[in-house]
Amino acid sequence: IGPVLAVTLSSLAFVSRVMRGEMLEVMSQDYIRTAKSKGLSERAVNVKHALRNAILVIVAIIGSTLPGLVSGAGSVEYVTGWPGITPLFIKSIFAQDVYVVMALLTILTLLLMVGNLLSDLALAMIDPRIRY
């Protein structure tokens with residue numbers, strides 16, 4: 001449980017901080033004031049109007065955190081002595097095993113590409129204004 005918390009809480013802190021900033025920015029917009037003046041409840045304004053527009057940045061950020069989660073898990077693997085990608089990567093660098101280093105960098109690059117593709121598809125599903 002400890003290593004999982006260490007990896008997830010570090011990225012969760014960043015995402016929650018960005019989400020807070022986006023919500024504060026969206027809540028100061030004119031359409032939020034208009035929705036409040038129409039008599040909508042605070043919950044309806046927050047969920048239907050503010051969250052729907054603020055979540056777009058979070059979805060875009062999540063795509064780039066996938067390789068970060070893998071590399072963040074690497075520090076936990078290295079400290080606890082678990083066999084994983086990062087200890088193998090470090091051993092391969094010291095052993096000058098170029099092929100293993102290239103393979104691991106390729107895997108991390110593919111994870112970044114898949115994460116960005118998934119976030120782009122999620123953005124297109126969430127916001128109908130986004131078309132590719």
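Ile1 is exposed, at a relative accessible area of 82% (exposed means over 50%, buried under 20%, and partly exposed in between, with a 1.4 Å probe and protein chains only). This residue belongs to the segment before helix 1 (2-27); helices here are DSSP runs of H or I with at least four residues, numbered from the N terminus.

Together with Leu5, Leu9 and Leu12, Ile1 makes up a nonpolar surface patch with about 440 Å² of accessible area. Patch residues have over 30% relative accessible area and no salt bridge, and nonpolar side chains (Val, Leu, Ile, Met, Phe, Trp, Tyr) are joined within 5 Å. Accessible areas come from the Shrake-Rupley method with a 1.4 Å probe, and for residues only the protein chains shown count as cover.

## Model and confidence

This is a predicted model, in which local features need pLDDT of at least 70 and side-chain atom pairs count only at pLDDT 80 or more, while totals for chains, interfaces and linings use all residues. Residues are numbered from 1 along each chain as its sequence is written, and side-chain values use heavy atoms, with hydrogens and water left out.

The average pLDDT (the predictor's confidence in each residue, from 0 to 100) is 85, and 97% of the residues score at least 70. Confidence is highest in helix 2, at a mean of 91, and lowest in helix 3 (residues 42-80), at 81.

Helix 1 contains 26 residues and spans 36 Å from first to last C-alpha, close to the 38 Å expected at 1.5 Å a residue; the expected span is 1.5 Å times one less than the number of residues. Its buried residues are Val7, Val15, Met19, Glu22, Met23 and Val26.

Val15, Met19, Met23 and Val26 are among the 11 residues of the largest nonpolar core, which also includes Ile32, Ala35, Val45, Ala50, Ala54, Ile58 and Ile61. Helices 1, 2 and 3 each supply at least two residues of this core, and helix 3 gives the most, with 5. Such a core is a set of buried Ala, Val, Leu, Ile, Met, Phe, Trp, Tyr and Cys residues joined through side-chain atoms within 4.5 Å.

## Salt bridges

There are 2 salt bridges in the structure, each defined by a side-chain nitrogen of Lys or Arg within 4 Å of a carboxyl oxygen of Asp or Glu. Arg33 pairs with Asp30 at 3.1 Å, N to O. These two residues are 3 apart in helix 2 (residues 30-37), about one helical turn. Arg33 is exposed at 52% relative accessible area, and Asp30 is exposed at 52%.

Arg129 pairs with Asp127 at 2.9 Å, N to O. Here Arg129 is exposed, at 64%, whereas Asp127 is buried, at 9%.

How values were computed: Patch = residues over 30% accessible without salt bridge, like charges linked within 9 Å, V, L, I, M, F, W, Y side chains within 5 Å.
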